[in-house]
Amino acid sequence: MDVLNRVPVREQDPAERAHNFAEVCLGYSLEEAKAEADRCLKCKNPKCQTGCPVNIDIPRFIGKISDGDVEGAYHVISEYSALPAVCGRVCPQESQCEAKCIRGIKGDAISIGKLERFVADYAREQGIRPVVSAEKKNKKVAVIGSGPAGLTCAGDLAKMGYDVTIFEALHEPGGVLVYGIPEFRLPKETVVKSEIENVKALGVTIETNVVVGKSVTIDELLTEEGFSAVFIGSGAGLPKFMGIPGENANGVFSANEYLTRNNLMKAFTEGYDTPIAAGKKVAVVGGGNVAMDAARTALRLGAEVYIVYRRGEEELPARVEEVHHAKEEGVVFKLLTNPKEILVDENGWVKGMRCVKMELGEPDASGRRQPVEMPGSEFVLELDTVIMSLGTSPNPLIVSTTEGLEANKRGCIVARDEDGCTGKKAVFAGGDAVTGAATVILAMGAGKAAAKGIDEYLSH
Amino acid sequence: MYEIIEKRQLSDAIVLMEVKAERVAKSCLPGQFVIVKIDEKGERIPLTICDYSRERATVTIVFQIVGASTKRMAALKKGDFIRDFVGPLGKSCEWLSEPVEDLKKKKILFVAGGVGTAPVYPQVKWLWEQGVAADCIIGARNKNLVILEEEVHKVADNLYITTDDGSYGMKGNVNDCIKKLVREDGKSYDLVVAIGPLIMMKFVCLLTKELEIPTIVSLNPIMVDGTGMCGACRVSVGGQVKFACVDGPEFDGHLVDFDQAMKRQQMYKTEEGRKYLKEQEGATHHGGCGHCD
């Protein structure tokens with residue numbers, strides 16, 4: 001066996017998967033997982049664990065795989081994470097646990113993410129469930145939002161014996177896991193639903209169709225409905241637009257809208273009522289993971305797709321794996337390119353986008369090289385659809401309806417990192433609602449920290 | 001799940017449903033809306049709130065059959081359940097924040113077009129309950145499309161009805177009626193609230209601008225989530241981009257870019273309309289909807 005190279009993971013062929021919504025990565029078999037696990041050095045001082053925002057005891061679960069005890073491996077992960085099948089798929093391991101792997105100094109880092117995914121998928125297929133707490137604390141905690149932060153916080157609190165209710169604004173729980181991340185990266189029925197079922201199995205109640213701030217306020221939850229503490233994990237759902245001419249034309253979408261129509265409302269599936277104007281020639285503006293998701297979705301709906309990004313390849317904020325997959329599938333990258341105007345036909349529809357070429361100038365305060373326009377380099381891309389994927393910010397609804405809750409200039413709720421404590425008594429917050437749009441795992445880390453903070457607060 | 005407590009057909013294509021929805025009924029106010037999704041495969045349909053009862057914990061909605069989803073929704077019966085019913089969404093009427101005593105000094109004219117009568121009703125009713133008198137015009141294409149006449153009649157100080165074909169009330173459109181009231185009957189108004197089709201609201205606003213009467217309109221563009229997440233409902237108001245779901249649905253009508261709003265509405269009508277007509281006409285659908293080749 002070659003200990004320096006990781007066991008490759010099987011994937012759907014790019015030419016084929018560009019036309020379907022089935023999952024791209026096929027995951028390890030038991031044999032492959034064991035072979036990969038055997039490469040792990042099982043370090044006494046595991047650096048990988050320090051790279052994990054929820055601090056999973058990585059060598060211990062990998063050791064269990066080596067021993068052939070996959071169920072044991074699952075229970076190790078479950079001590080730390082409520083969403084292993086999700087994290088194994090969407091965490092940026094290359095910049096977290098795997099970045100710290102000692103094996104990676106010379107050769108490939110252990111494929112920790114793919115092993116986590118294998119363990120979670122195996123457990124699901126075998127019907128193995130997390131262990132439910134017997135302890136009951138007889139205290140109610142409300143969790144706002146059923147995305148990664150909320151599910152993690154709720155799961156941890158339930159394990160401690162609290163009576164937890166999650167309030168979700170949409171009609172399905174999961175937050176960004178169901179409306180944002182596409183099926184081909186994160187299957188909804190098999191993976192997301194079953195992890196949510198696991199959280200429910202811990203005793204968590206989920207009430208959908210409740211927009212906190214509208215249907216009920218945080219103060220009402222605390223005073224009228226008997227909750228002793230509230231965790232806000234409402235995410236960053238507000239889309240940004242560029243403010244360029246033509247942006248309100250028909251055929252210009254936020255990535256949120258395009259993805260929600262497709263993922264949550266299942267516009268791509270026969271029999272569902274929600275329409276999507278998929279487009280034939282589509283430009284996605286932006287270079288993050290969401291931009292890749294939107295581009296690859298448009299591709300699967302039959303479009304010719306461009307990514308338009310103002311910086312260069314090096315600066316793309318998306319995961320390398322996502323960029324690689326998008327390219328393999330045929331997405332065309334127009335880098336160092338910035339839109340100036342969306343061109344609109346006489347009926348109000350998009351007909352093109354006037355762009356300008358950019359070059360990278362001096363580094364700014366953040367250390368990133370600023371893109372500057374190249375004079376005389378304007379050109380027109382002929383298009384019928386433009387998807388704006390410029391990031392999102394937190395919804396102001398909760399802050400504006402909760403007295404004593406503070407937000408910063410960017411609209412993010414002010415809360416302490418270590419325990420999610422806000423300036424308002426009994427109210428905690430974490431995830432994208434606090435940090436602005438970030439990753440699933442960072443939100444989970446915040447949900448976990450807040451669960452501890454809430455437990456400490458309620459134990460006094 | 002949300003039970004349909006009552007169902008009434010207001011016209012061939014307009015349906016009223018009273019739905020059990022505790023949280024919404026407890027907190028909703030005039031001007032707000034809900035999103036309804038009838039089953040797993042249905043769309044999220046934004047609908048204005050027509051009435052509510054805190055005691056019965058119900059919310060009344062009125063909708064017109066315009067697409068596949070509303071057609072399926074109209075097929076539901078009393079006692080059936082709606083899968084999802086979320087709200088109240090959007091901001092309540094701005095005048096709700098004014099002291100009742102001030103409102104009593106104001107002359108308010110409500111202008112309701114077609115199904116727009118549904119969201120107008122709870123506003124006039126709320127004012128009536130506080131002892132504030134308001135006039136109301138209901139305009140429709142013909143007599144059959146005049147809805148909620150009895151209800152509005154009970155709560156409005158004066159009710160005027162206009163039909164395009166003259167089959168009921170005054171012959172003409174709502175603007176003819178406004179002109180008559182202001183120019184011939186010598187009435188004066190401090191505020192107009194116009195709710196109906198975009199084209200109606202556009203022309204009412206052109207007239208009230210001329211008459212120098214501040215005018216509020218309520219927009220109902222297609223939305224997906226209704227909580228500010230998708231931006232599908234964006235509308236230009238005074239040159240600024242607003243989301244109807246969270247910044248509205250009510251806006252200063254003199255600042256709304258109606259032409260853009262109408263173009264944006266067209267986009268979705270295309271998709272929806274196509275689907276509906278295909279279903280209706282089956283294999284014989286080869287255009288006619290104005291959108292297909």
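## Helix α5 of chain A

In this predicted model, the buried residues of α5(A) are Val70(A), Gly72(A), Ala73(A), Tyr74(A), Val76(A), Ile77(A) and Ser78(A). Helix α5 (residues 70-78) of chain A is largely enclosed by the rest of the structure, because seven of its nine residues are buried. The packing partners of these buried residues are α2 (30-38), α4 (58-66), α6 (84-90), α8, α9 (148-159) and α11 of chain A.

Is Ser194(A) buried or exposed? Ser194(A) has a relative accessible area of 18% and is therefore buried, the cut-off being under 20%. Leaving aside residues up to four places away in sequence, Ser194(A) touches Arg124(A) and Glu189(A). Met358(A) lies 164 residues from Ser194(A) along the chain, and the C-alpha atoms of the two are separated by 45 Å.

## A nonpolar patch on chain A

Leu41(A), Ile102(A) and Ile105(A) make a nonpolar surface patch of about 300 Å². Of these residues, Ile102(A) is found in the loop between α7 (97-100) and α8 (112-126) of chain A. The relative accessible area of Ile102(A) is 34%, so this residue is partly exposed.

## The antiparallel sheet of chain B

Chain B contains an open sheet of seven strands with antiparallel pairing, in the order β6-β1-β2-β5-β4-β3-β7. Its edges are β6 (81-82) and β7 (84-89) of chain B; each has a single partner strand, so one side of each is left without a neighbour in the sheet. Helix α4(B) packs on this sheet, where it touches β4 and β5 (58-64) of chain B, and its direction makes about 30° with that of β4(B).

Within the sheet, four bridges pair strand β3 (residues 33-37) of chain B with strand β4 (residues 45-53) of chain B in the antiparallel sense. Phe33(B) has Thr48(B) as its bridge partner in β4(B).

## The mixed sheet of chain B

A further open sheet of seven strands in chain B has mixed pairing and the order β11-β10-β9-β8-β12-β13-β16. The edge strands β11 (170-171) and β16 (250-252) of chain B each pair on one side only. Helix α4 (residues 117-129) of chain B packs on this sheet and touches β8 (108-113), β9, β12 (191-195) and β16 of chain B; the direction of the helix makes about 155° with that of β8(B). Strand β9 (residues 134-140) of chain B runs parallel to strand β10 (residues 158-163) of chain B, with six bridges joining them. Opposite Gly139(B) stands Thr162(B) in β10(B).

Which residues cover the two faces of β12(B)? Leu191(B), Val193(B) and Ile195(B) lie on one side and Val192(B) and Ala194(B) on the other, and all are buried. Strand β12(B) is thus mostly covered, with five of its five residues buried. Five bridges join β12(B) to β8(B) in parallel, and Val192(B) in β12(B) stands opposite Leu109(B). Three bridges pair β12(B) with strand β13 (residues 215-218) of chain B, also in the parallel sense; here Ala194(B) stands opposite Val217(B).

## Salt bridges within and between chains

The count over all chains comes to 53 salt bridges. One of them joins the side chains of Asp293(A) and Arg185(A), at 2.9 Å from N to O. Asp293(A) lies in helix α14 (residues 289-300) of chain A and Arg185(A) in the loop between α10 (176-179) and α11 of chain A, so the pair ties together parts that are 108 residues apart in sequence. Both Asp293(A) and Arg185(A) are buried. They belong to a network of salt bridges that also links Arg17(A), Arg296(A), Arg300(A), Glu322(A), Glu328(A) and Glu329(A).

Glu224(A) and Lys26(B) also meet in a salt bridge, at 2.9 Å from N to O. This pair joins two chains, because Glu224(A) lies in the loop between α12 (218-223) and β6 (229-232) of chain A and Lys26(B) in helix α1 (residues 22-27) of chain B. Glu224(A) counts as exposed at 51% relative accessibility, whereas Lys26(B) is partly exposed at 48%.

Within chain B, the side chains of Asp102(B) and Lys105(B) meet in a salt bridge of 3.9 Å, N to O. These residues are three apart in helix α3 (residues 100-105) of chain B, so about one helical turn separates them. Asp102(B) is partly exposed at 36% relative accessibility, and Lys105(B) is exposed at 66%.

Note on methods
Residues are numbered from 1 along each chain as its sequence is written. Chains are lettered from A and ligands numbered from 1 in the order in which they are written. This is a predicted model: local features need pLDDT of at least 70, side-chain atom pairs count only at pLDDT 80 or more; totals for chains, interfaces and linings use all residues. Side-chain values use heavy atoms; hydrogens and water are left out. Patches are made of residues with over 30% relative accessible area and no salt bridge: like charges are joined within 9 Å, nonpolar side chains (Val, Leu, Ile, Met, Phe, Trp, Tyr) within 5 Å. Accessible areas come from the Shrake-Rupley method with a 1.4 Å probe; for residues, only the protein chains shown count as cover. A salt bridge is a side-chain nitrogen of Lys or Arg within 4 Å of a carboxyl oxygen of Asp or Glu. Buried means under 20% relative accessible area, exposed over 50%, partly exposed in between (1.4 Å probe, protein chains only). Two strands pair if DSSP finds at least two bridges between them. Contact means heavy atoms within 4.5 Å. Axes are lines fitted to C-alpha atoms, for helices over the stretch in contact, and angles run from 0 to 180 degrees between N-to-C directions.
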